[in-house]
Amino acid sequence: MAQQFDVIGSRAPRLDGPAKATGQAIFADDLHFPGMLHGAILQSPHPHARVLSVDASAARRLPGVKAVITAAEVGTIKYGVSPARYDETLFATEKVRYVGDEIAAVAAVDLATALEALSLIKVEYDPLPAVFDPLEALAEGAPLIHDEFPGNVCAEVHQEFGDVEAALAKADYVRTDSLKNKRQDGGFIETHCAVAAPDLNGRVTLYSATQVPHYVQRNVAMVLGLDLSKLRVIKPYVGGGFGPKAEATPLDYCSTALALATGKPVKMAYTREQVFLHSRARHQFIHEMTTGVTRDGKLLALKHRAILDGGAYTSFGIATVYYSGSLLGGPYRMANMKYDGLRAFTNKPACGAQRGHGGVIARALFERQLDLIAKELGIDPVRMRLENMMEVGDVTCNDLNMSSLGMRECIEAVRDGSDWGAKKGKLPRGKGIGAACGFFVSGAGYPIYRSETYHSTVTLKVDEDGGGIKVLSASAEIGQGSDTVLGMIAAESLGVPLDLVRVESGSTDFGVDLGAYSSRQTLMSGHACRDAALMAKNRILGSVAAELGVDPADLDFKNGVLISLGPVLDIAPLRTRYRKEHRGWPNLPDGEALSFAEAARMAFLAQGSIVGTGQYKPPQLGGKYKGAAVGTSPAYGCSAQVVEVAVDLDTGQVRVESITDAHDCGRAINRTAVEGQMEGSISMGLGEALFEEVKFDAKGRVVNPSLGEYHIPTIQDMPAMKCIVVESDEPNGPFGAKEVGEGAIMPTIPAILNAVFDATGAVITELPLTPERVLRAIREAQGKE
Amino acid sequence: MNKLALTLNVNGQDYDLLCEPSRTLAQALREDLGLTGTKVGCGVGDCGACTVLVDGQTVNSCLVLATQAAGKAIVTIEGLADGPKLHPIQEAFVEHGAIQCGFCSPGMILSAKALLDANPAPSELEIRQGLSGNLCRCTGYQKIVQAVDSAARTLRGERTVG
């Protein structure tokens, strides 16, 4: 690549690494304030019941209880994720709709007292018939969960691009396949926590373990009737999010309400079991796809139906059901696509967004089906993918613009990196190899609420002494490394080393940033950060140029010193002024060139504080059809993986032995962080493929609400991963960068399924790949041979 | 309530405290001593985030009563660095990108310390076995394995952290 960078593209250690390695990093539950109270929430034991009465009088009388709130105290303003579908109230009034629905909350001097108070709240329920299976919920005569939604239909999508029936009629080969997954849990190690601290001026600071301080601020203020200026949301360090922390939780609302009611700081946290009850994690999807191809494997049309088990409320579900269809528009050329998606309400905790939002299981089935088609046609599945691959500049049938696309490079990289040619079709029975591709948005093209808001603003302030730079951003560092990425972008833009930059983020006081979801922080906050840095740099260079009597366009900073692109500079007068101000100081700059600190000090002396601001929102994106916004993005990351498995033919046990992964993240800002996202995505995909499943009993209770019984991958489950970073120069990304946080999960499940198929001939239609399920599929495949 | 008087030796320092018999070591460390570097992710011994060393052995501090740890040498994440200088394991975790959200890191690093104290030259399999009680949802563990391997080499004097 022609451009040379000094900071970007390096393996700079995370800015927060030392704090996290030493235990100094503060997470929400580490906060303690004098006089702090502890809160707890009363949750429904019934999956579906009328609430006849709530009597909290005994709880209020318990010594140590400082406040009890129910719907009578906080009201019933409806909220949710999308304003088009606000269907939740903080506390149930008429009905509870799942085991875990909230009834009341308590603040007390300690948690034990708060929990005792909950046990004293008398709730009279009239149990109603409940329904847990999405197909049963959609059937005639099923119990109705929301009066406003007949037939328990939460949302329906019907889209057609091109003419699918006509294209299928022309196809040489058409096949239909199905796949169903199970509800997945976020599995982050830090449970949700919120601490609300009131001040004496009627304002509250809410410290929340969230991915989205901005939306938490808006929702909590709306539901509690607060002026936005009265509520500041601060995100401390967050112990992983992956989607389920991308909306305000009852802890956020309750702690704020209880802090206002008591005038005291209130801490509330979910137990691990409550994380499962709150959920908002990956839906269960039931997909059926019919794909038609020519005899040489050219894709002609896809007819796709999906049913989503949404649980009791909408949450992110409208976006989810759209994403399930729209994210199949690429990365293969396909002119005709029909999608019918339906999200059902059931009496279970609400599902929401999780890494690869809406697209993961759809992608799994489609990539699975490509392999089945390739086998039928006798074509190598990697070759078939390459021959259908989109190119840079292609626009999908549903109007997604591939402004950069290293998809071909990715699949070639994993093909060559895994020695595919020597292995595919040549491994002994029980050993298999499989490939798959995928892509994902680099930030949703539109905010969750309809608005012309900037998606990100950044303020960059240069220290008055000139020595350092502070980036202020409301973005959400949740472990993905966004603080480090923003610091690197600021340093590169200013032409200074990274160690001059400090990043403060996660506070709504620092501006607007929609937060860490849809893989948006690098592209969107990165744009705003770069522009803020360039503004500050230009202000400094303007002052310095005036002092030196040169054209500012001839000046720049590189590695922390002033460089001239034109005349030789006489910096002596400026250095003398700087030195006079620092008489007696050791280690003053003495290089040939003027240091950034000296230049920035001169600019401060001339102009006052040097501040740069930047803001970003995407241009108008996407088509005009209903739902066209979902799936739009300024840019798309893409990835390919090759997985090798060993399947025990006697027990059905699947062992993933190695994974070769390539991801096009645009230009890599931090290579270590890019690999970290790739490796983490693989582990979440591997867990969902092999063993993760939230299970319910006949009464709608989660039967495995612990990290012992709900199995996420341990260090012994993970195979060796070979990660190949493929770089493209994305025209819409800052320094050419785009996403890696979610696209990297897309190929994992189908590559594993394809490898199991290669190893055994077993066609799996239901996840996870338990030994019993795999063994049955192997025997069925043998029966057909 | 009948509180017990006990002395906890944490990171070489004795702390006298009064606590309820049911108080866990994790609660005592975090809430009574303010050592919040020890994280609690589940409270039932599944996740390993609360791992500390008691007489050199890893324990889930959420499953140990504070009274059971009295009179023993407790090491928490706060006790690993030498003043401002990170322990080589901490250094390696930072350098190799083995930390993302950082919530599992204190427990993971202490498990690595116990492993390397007992086995200064572990194989990759032994590293994976040694850390198998600590869950991480962010990293996929690969960079953690690399960091522990690198730290082992540093501690054996085969390389120095720059």
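In chain B, the C-alpha centres of domain 1 and domain 2 lie 21 Å apart. Domain 1 spans 4–79 and domain 2 spans 88–155, with bounds from an automatic or database domain assignment. This is a predicted model: local features need pLDDT of at least 70, side-chain atom pairs count only at pLDDT 80 or more, and totals for chains, interfaces and linings use all residues. Residues are numbered from 1 along each chain as its sequence is written, with chains lettered from A and ligands numbered from 1 in the order in which they are written.

The contact between the domains takes 15 residues from domain 1 of chain B and 13 residues from domain 2 of chain B. Two residues are in contact if their C-beta atoms, placed from the backbone, lie within 7 Å. On the domain 1 side, β3 (51–54) and β4 (57–60) of chain B each give two or more residues. The largest share, three residues, comes from β3(B). Strands are DSSP E runs of at least two residues, and helices are H or I runs of at least four, numbered from the N terminus.

Now take helix α1 of chain B, residues 25–32. Six of its eight residues are buried, meaning that 20 or more other C-beta atoms, placed from the backbone, lie within 10 Å of their own. Among them are B:L25 and B:R30. The buried residues pack against β1 (4–10), β2 (13–19) and α2 (66–69) of chain B. B:G34 follows α1(B), with a positive phi near 70°.

Between the chains, the contact takes 45 residues from chain A and 38 residues from chain B. On the chain A side, α19(A) gives the most, with eight residues.

Methods:
A residue is buried if 20 or more other C-beta atoms lie within 10 Å of its own, exposed if 12 or fewer, and partly exposed in between; C-beta atoms are placed from the backbone.
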